[in-house]
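My notes follow the order in which I looked.

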Amino acid sequence: MVATRDGNFGSLLKASESAFKLELQQLVEEVRSGVDNDSAEETQSSMSIPAQVPVNGLYHIRPLPGKGQAMVAARKIPKGTRIIAESPTITLPGNPRDSAGVLHLNQLITSQLSNLPAATRQQYHTLHNNYTAATPPIPPAIGIARTNALPFGHNSLSAGVFLHASRINHSCTHNAENTWNASLGKLTIHAIRDIEPGSEITISYVEGFKPCNQRQAHLLSAFGFRCVCERCAVTDSKRKESDERLRRLVQLEEEIGDGVGIVATPLACLRKAREMLRLLEEEGLGGATVPRVYYDAFQVAIANGDQARATVFAGRWYASRAVVEGEDSEDAAKAKEMMKKPAEHRLFGTTMKWKQAAGKVPSGLSEEAFEKWLWREKGTA
Ligand SMILES: C[S@@+](CC[C@H](N)C(=O)[O-])C[C@H]1O[C@@H](n2cnc3c(N)ncnc32)[C@H](O)[C@@H]1O
């Protein structure tokens, strides 16, 4: 069911006790300030109402031992569900942790906060501040921005602080992914695995394929905690295996990304893409890299004139992108277009080495045989 903001607020008012009047007033302002959810059953404030009341029917925000506040699933959240779509409370032109101009940053944040309702301002100041003991001291508004800023997309310089999404803790085996939806102008959080009721909803604070010690160093210096997730709290030999997979993922990503292999050694490129998918699965990383790899495989096929395989890869690119960002994301729309018209891609026919019409996707094959065909294993055309 799609909930409207007014509708949610109206039902909350009816349900409220007078003791919550002030908090509900804060809630009005908070809801107006931009928390939204496509699949929401109800939208409620996590910070101003009792913790046992689920927000949007999907999650609670409540404390967890050793982690401060956390976002916890209120019911089973299937893979691909949009858990939240939220407007930033404040926006920042760059990563506030990189910023040298503390005075300028403080002015930027305080001037945005001063334009917000008092309750939203108050809520901003309840967010976690990991920099209270910094030397030299830094203003709380900046400490909060540094602790809670989430980027507006992969490699984006801009970032924002969010009243709900910024409560999501980190895990290296995160079950949700944060992305910026440019057409909505909102940050979205999607479940990238099924999430059981009562389980914590987590995202990754670490970019790329960093080995365990680098992840730990970053999390400790930027966020002040030691990660004890299932990928970090393992035996030395398991950690070595994991680090080796990550090293190989970095290498494969670089090799595929150089662009030359797509036409010079396309078969090797396809093998590398397939190996990446296998390693990602072994590492339990089901996030935004998966659609990127399928896009690479799509490009290999289409650059060499194979519209049949390109169609299938575009379908997988689309499906995996829709899981992490939703069907309304720009990249999902592009993938959908390529599924229908692969020959319209700019690389189509760079060579016609693998020329094949779109209608030549084989039917009636077993799953195994289909995969062999798709990845051009020996003996398949
Ligand atoms: C963006 S905030 C997340 C919400 C925060 N827990 C709160 O209470 O508002 C980041 C901070 O949460 C805590 N945190 C996040 N992930 C954690 C984890 N896996 N283990 C322990 N603390 C974590 C750290 O204190 C970190 O600086």
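These entries cover the ligand, the strands beside it in my notes, and then the helices.

Entry on the model. I am working with a predicted model.

Entry on the ligand. I asked which residues come nearest to the ligand. Of the 19 residues around it, I noted Gly68, Gln69, His128, Asn169 and Phe223 as the nearest. I then looked up which elements give two or more residues to this shell, and found strand E3 (68-73), helix H5 (140-148) and strand E8 (169-170). E3 supplies the largest share, three residues. Sorting the shell by class, I got 12 polar, five nonpolar and two charged residues.

Entry on the strands. I followed E3 to its pairing with strand E11 (residues 200-203), which is antiparallel and has two bridges. Valine 72 has glutamate 200 of E11 as its bridge partner. I also checked E8, which runs parallel to E11 and is joined to it by two bridges. There, histidine 170 is bridged to isoleucine 203 of E11.

Entry on the helices. I looked up helix H11 (residues 307-325) against helix H12 (residues 330-340): their axes come within 8 Å and cross at roughly 160°. The two are therefore roughly antiparallel, as angles over 145 degrees count as such. I recorded the crossing of H11 past H12 as left-handed. On the H11 side I listed contact residues including Thr311, Trp317, Tyr318, Arg321 and Glu325; on the H12 side, among them, Asp331, Lys336, Met338 and Met339. By class, this contact holds eight nonpolar, four charged and two polar residues.

Definitions and conventions: Residues are numbered from 1 along each chain as its sequence is written. This is a predicted model: local features need pLDDT of at least 70, side-chain atom pairs count only at pLDDT 80 or more; totals for chains, interfaces and linings use all residues. A residue is near a molecule or strand if its C-beta atom, placed from the backbone, lies within 6 Å of it. Helices (H or I, at least four residues) and strands (E, at least two) are DSSP runs, numbered from the N terminus. Ala, Val, Leu, Ile, Met, Phe, Trp, Tyr, Cys and Pro count as nonpolar, Asp, Glu, Lys and Arg as charged, and the others, Gly among them, as polar. Axes are lines fitted to C-alpha atoms, for helices over the stretch in contact, and angles run from 0 to 180 degrees between N-to-C directions. Angles under 35 degrees count as roughly parallel, over 145 as roughly antiparallel, 65 to 115 as roughly perpendicular and the rest as oblique. A crossing is left-handed if the near helix is turned anticlockwise from the far one by less than a right angle, and right-handed if clockwise. Two residues are in contact if their C-beta atoms, placed from the backbone, lie within 7 Å. Two strands pair if DSSP finds at least two bridges between them.
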